[in-house]
Amino acid sequence: MNWISTHIPPWFWITVVCHFAILGTVAYLILLERWTASWVQDRLGPNRTGLGFGIIPWLKDKKMFGLGQPLADGLKFILKEDYRPKNVDKILFTVAPMIMITVIIISIAALPWGGVRQSSFDFVAPAGQDVSTIANAQSPASSEIVDIQKTGTPDTYTATYRWHFGIANLNIGVLFILAVLSLAVYGVVIGGWASNNKYSFLGGLRATANMISYEVPLGLAVLTIVVMYGTLNLDELVAKQAWMWHGIIPAWNVFTQPLAFLMFLVCIHAEANRAPFDLAEAEQELVGGYHTEYSAMRFALFFLAEYAGMITTSAVCVALFFGGWHLPGLSGNVDPNHPEITTSFLICVIRALVFFGKTIVIIFIFMWVRWSLPRFRFDQLMGLAWRALIPMSLVILLVTCVVVYFFGEQRNIAMHVGGKMAIVLLASNLAMLLIIVVGSFLIPAAPDTNRKMKVPGSRFGNAPVPAGRIRV
């Protein structure tokens, strides 16, 4: 084996590709957002700026569907004046957007892109030397030797090794991503406080209450899936969904836990401060919220962090509820009980593209919701979390624990959710949904916080009727 494959681990190359792919995708997600907005509003979106920018001769007159628009926007941010108001905390004012983008980039490390690649190589081990030591020295960095077999030739062996097609295979992958993403609130709060602006400060306070409140049902929705499989490893969670019920229906958790999926989807909207949960940025109330005083690349980092966070949370949603890289009909497995293992590098790449494609679909839902639903009031925002989502998520978790306790033996050697257990989980979700719908009509409505109140001594209580007008 050559020096590069032996000394440079595969995760290094995957890290480089994922890093630049995600940052590039962030730029074009902004274009997709504007196209989605134009589609919803029945108008034209950006379709004029090509990749030639009117300078490159052979591309100067090419519109190219507006694909140059994100590059033009990035160039604009770089060339704009980096304005900083007086009396701001100079250090924290700069650190806040750095925290946001750094946290998001770190969080992609535990995403399971393509399963496990298995390969083999031949090596020579002279008599008297430790075979396993020689095999480990010649195997690719960070790979795991799983089998060593002696061939017909004396002193010649074949070693089989495996490595994960991802950046890091963490046993606590779900917990790692949620914990790292929760640090993004510090960037929002620090940016709002350091700006020395009351609107920014109020935006930071709103973001804090929003993100902390919705982390509770988010964690409970994730815990529901963890209880079903008994692991926090995202690679294992995806692998345990990579099979079919009766050869027809994918064994994805969205079919057994639809309420948990909806709960998770709502919560990641709130965590990303996306409409209708964007109270921290409400232009009509707070001018722009926590990033009101930011401009140029400082503002761009906040903007990019929002979209990069959408990619990460959407990828986690795909891994937990949509089978990750699993695609019916895409095989290449070497062990029926371990569908994540494949000998084909091409299959790993295709799996990564499938995973990424599912992620883009979830991101499109983000954009669709933004241009479909109005913004909540802040009391409605908090009420939805504490009066609705948290009690519902606790009930879902409790019911899942009961089902797993009584039907857990239906899981086979690979800890798949068996057909009987899947039917019981789906039926319990439908029953809970029915109870929620019926209960919503039985529970008294919350008091109307917008009702008119008579204030004693107020001059507006008995306003005089202007002359010439008749009181109705």
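User: Hi! Is glutamate 236 buried, partly exposed or exposed?

Analyst: Hi there! Keep in mind that this is a predicted model. In it, glutamate 236 counts as partly exposed because its relative accessibility is 35%.

User: Which residue does glutamate 236 form a salt bridge with?

Analyst: That would be lysine 240. The closest N and O atoms of the two are 3.9 Å apart. Lysine 240 is buried, as its relative accessible area is 11%.

User: How many salt bridges does the structure hold?

Analyst: Seven salt bridges. One of them joins the side chains of arginine 274 and glutamate 306, with 3.1 Å from N to O. That pair links distant parts of the chain: arginine 274 sits in the loop between α11 (258-271) and α12 (283-286), while glutamate 306 belongs to helix α13, 32 residues apart.

User: And are arginine 274 and glutamate 306 buried or exposed?

Analyst: Both are buried. They also belong to a network of salt bridges that links Glu33, Arg274, Glu306 and Arg370.

User: OK, and which residue forms a salt bridge with aspartate 278?

Analyst: Arginine 375 does, and their closest N and O atoms are 2.9 Å apart. Here too, distant parts of the chain are linked: arginine 375 is in the loop between α14 (345-370) and α15 (378-407), and aspartate 278 is in the loop between α11 and α12, 97 residues apart. Arginine 375 is partly exposed at 27% relative accessible area, whereas aspartate 278 counts as buried at 9%.

User: New topic: rings! How many aromatic pairs are there?

Analyst: The structure holds 22 aromatic pairs. Among them is the tilted pair of phenylalanine 77 and phenylalanine 299, with 5.8 Å from centre to centre and 45 degrees between the planes.

User: Where do phenylalanine 77 and phenylalanine 299 lie?

Analyst: Phenylalanine 77 is in helix α3 (residues 69-79) and phenylalanine 299 is in helix α13 (residues 296-321), so this pair ties together parts that are 222 residues apart in sequence. Phenylalanine 77 is buried, with 13% relative accessible area, and phenylalanine 299 counts as partly exposed at 21%.

User: What about tryptophan 243 and tryptophan 245, how are they arranged?

Analyst: Those two form an edge-to-face pair, 6.4 Å centre to centre and with 70 degrees between the planes. Tryptophan 243 is partly exposed, at 22% relative accessible area, but tryptophan 245 counts as buried at 9%.

User: Which lysine lies over the face of phenylalanine 77?

Analyst: Lysine 76, at 5.1 Å from the ring centre. Another charge over a ring is found at tryptophan 325, where the charged end of arginine 351 sits 4.1 Å from the ring centre.

User: Which residues make the nonpolar surface patch of about 510 Å²?

Analyst: Trp11, Phe12, Trp13, Val16 and Phe20 make that patch. Phenylalanine 20 is found in helix α2 (residues 10-40), and this residue is exposed because its relative accessible area is 58%.

User: Last one: is glutamine 241 buried or exposed?

Analyst: Buried, because its relative accessibility is 0%. Glutamine 241 has its place in the loop between α9 (234-239) and β4 (244-245).

User: What lies 3.0 Å from a polar atom of the glutamine 241 side chain?

Analyst: The backbone oxygen of leucine 237. The backbone oxygen of leucine 320 lies 3.4 Å from a polar atom of that side chain.

Terms used. Residues are numbered from 1 along each chain as its sequence is written. This is a predicted model: local features need pLDDT of at least 70, side-chain atom pairs count only at pLDDT 80 or more; totals for chains, interfaces and linings use all residues. Side-chain values use heavy atoms; hydrogens and water are left out. Patches are made of residues with over 30% relative accessible area and no salt bridge: like charges are joined within 9 Å, nonpolar side chains (Val, Leu, Ile, Met, Phe, Trp, Tyr) within 5 Å. Accessible areas come from the Shrake-Rupley method with a 1.4 Å probe; for residues, only the protein chains shown count as cover. A salt bridge is a side-chain nitrogen of Lys or Arg within 4 Å of a carboxyl oxygen of Asp or Glu. Helices (H or I, at least four residues) and strands (E, at least two) are DSSP runs, numbered from the N terminus. Buried means under 20% relative accessible area, exposed over 50%, partly exposed in between (1.4 Å probe, protein chains only). Rings of Phe, Tyr and Trp (its six-membered ring) pair if their centres lie within 6.5 Å; planes under 30 degrees apart count as stacked, over 60 as edge-to-face and the rest as tilted. A charge sits over a ring if NZ of Lys or CZ of Arg is within 6 Å of the ring centre and within 35 degrees of the ring normal. A polar contact is a pair of N or O atoms within 3.5 Å; within protein, one must be able to donate a hydrogen and the other to accept it, and residues adjacent in sequence count only if both atoms are side-chain atoms.
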